[in-house]
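Dear colleague,

I am passing on the structure we talked about, and I would be glad if you could look it over alongside the notes below.

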Amino acid sequence: MSNDFQLNAMAREDMGKGASRRLRRLANQVPAIIYGGQKAPQSISIAHNELKHALENEAFYSHIITLDLEGGSQQVILKDVQRHPSKPVILHVDFLRVSKTHKLHTKVPIHFINEDTCVGVKPGGGIISRTMTELDISCLPADLPEFIELDVAAVEIGDILHISDIKLPSGVESVALSHGEEHDLPVFTVNKPKSAATEEDLADEVADTTTEESNGDEE
């Protein structure tokens, strides 16, 4: 995978909540930290507007990022973003260093394709349920995908697709499945329409009542 994302960063010495507030308010910078690898954690700051623009791209969350810092550069992935609860303000970000020779553990989004032609929905009239929208994976940085695709065109009402139904790219492993088959969680299903389910339940109740009455007559 190519490294398409590049951010300028500055080292910072002032620590604490007060320093972080001043950094955001006066310099329009976002406090951040880089950790992992063989180096000590390093506190940095990034221009808020530059970071905000990058975060608007889905690929940024599952992509190798180049941080330009004091004449050098570091390869990282985004691990955490803290946002203000009511304002469009980024409060803090965490980056994890990556190595070309060491597998990394991260999450990537799942793209469900052919939902509009899914047989359980058209013409089946079913209701789509996504029980998972991102997948925990392990891979080398060079094999890191921006997203995982799951084709749901053939899913019928009542069918359930699990993690094992996802075709992973070469070199990519599901963290959940590495722990055993019991961790093969559901990802996608098409449920019966509520009206159809209600009608079936009513039919079952009528059938049960008829059976009970018949048994009573026999007695």
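The notes that follow go through the barrel, the nonpolar cores, the aromatic rings, one backbone angle and the salt bridges.

The model is predicted, so to speak of a local feature at all a pLDDT of at least 70 is needed, and side-chain atom pairs count only at pLDDT 80 or more, whereas totals for chains, interfaces and linings use all residues. Residues are numbered from 1 along each chain as its sequence is written, and side-chain values use heavy atoms, with hydrogens and water left out.

**Barrel**

In the order β1-β3-β2-β6-β5-β4, 6 strands close into a barrel with mixed pairing (strands are DSSP runs of E with at least two residues, helices are runs of H or I with at least four, and both are numbered from the N terminus; two strands pair if DSSP finds at least two bridges between them). Neighbouring strands of this sheet are turned by 45° against each other on average, direction ignored. Strands β5 (residues 72–83) and β6 (residues 90–97) pair in the antiparallel sense over 7 bridges, and V76 has R97 in β6 as its bridge partner. Helix α2 lies across β1, β2, β3, β5 and β6, running at about 85° to β3 (axes are lines fitted to C-alpha atoms, for helices over the stretch in contact, and angles run from 0 to 180 degrees between N-to-C directions).

**Nonpolar cores**

The largest nonpolar core has 26 residues, of which I110, L144, L150, V187 and F188 touch the most other members. Such a core is a set of buried Ala, Val, Leu, Ile, Met, Phe, Trp, Tyr and Cys residues joined through side-chain atoms within 4.5 Å, where buried means under 20% relative accessible area, exposed over 50% and partly exposed in between (1.4 Å probe, protein chains only). The elements giving two or more residues to this core are β7, β9, β10 and β13, and the largest share, 4 residues, comes from β7. A second, separate core of 21 residues includes A9, L69, V76 and L78.

**Aromatic rings**

The structure holds 3 aromatic pairs (rings of Phe, Tyr and Trp, the last by its six-membered ring, pair if their centres lie within 6.5 Å, and planes under 30 degrees apart count as stacked, over 60 as edge-to-face and the rest as tilted). One of them is the edge-to-face pair of F5 and F60, at 5.3 Å centre to centre with 80° between the planes. This pair links distant parts of the chain, with F5 in strand β1 and F60 in the loop between α2 and β4, 55 residues apart. Both F5 and F60 are buried, and together with Y61 they form one aromatic cluster.

**Backbone and salt bridges**

N114, in the loop between β7 and β8, has a phi near 70°, a positive value in a residue other than glycine. N114 is partly exposed, with a relative accessible area of 33%.

A search of the whole structure finds 3 salt bridges, each being a side-chain nitrogen of Lys or Arg within 4 Å of a carboxyl oxygen of Asp or Glu. E56 and K52 form one, with the closest N and O atoms 3.2 Å apart; E56 is exposed at 55% relative accessibility. D136 and K107 meet in another (3.2 Å, N to O), which links strands β9 and β7, 29 residues apart. E115 and R130 also meet in a salt bridge (2.8 Å, N to O); E115 is buried at 18% relative accessibility, whereas R130 is partly exposed at 45%.

With best regards

Definitions and conventions:
Contact = heavy atoms within 4.5 Å.
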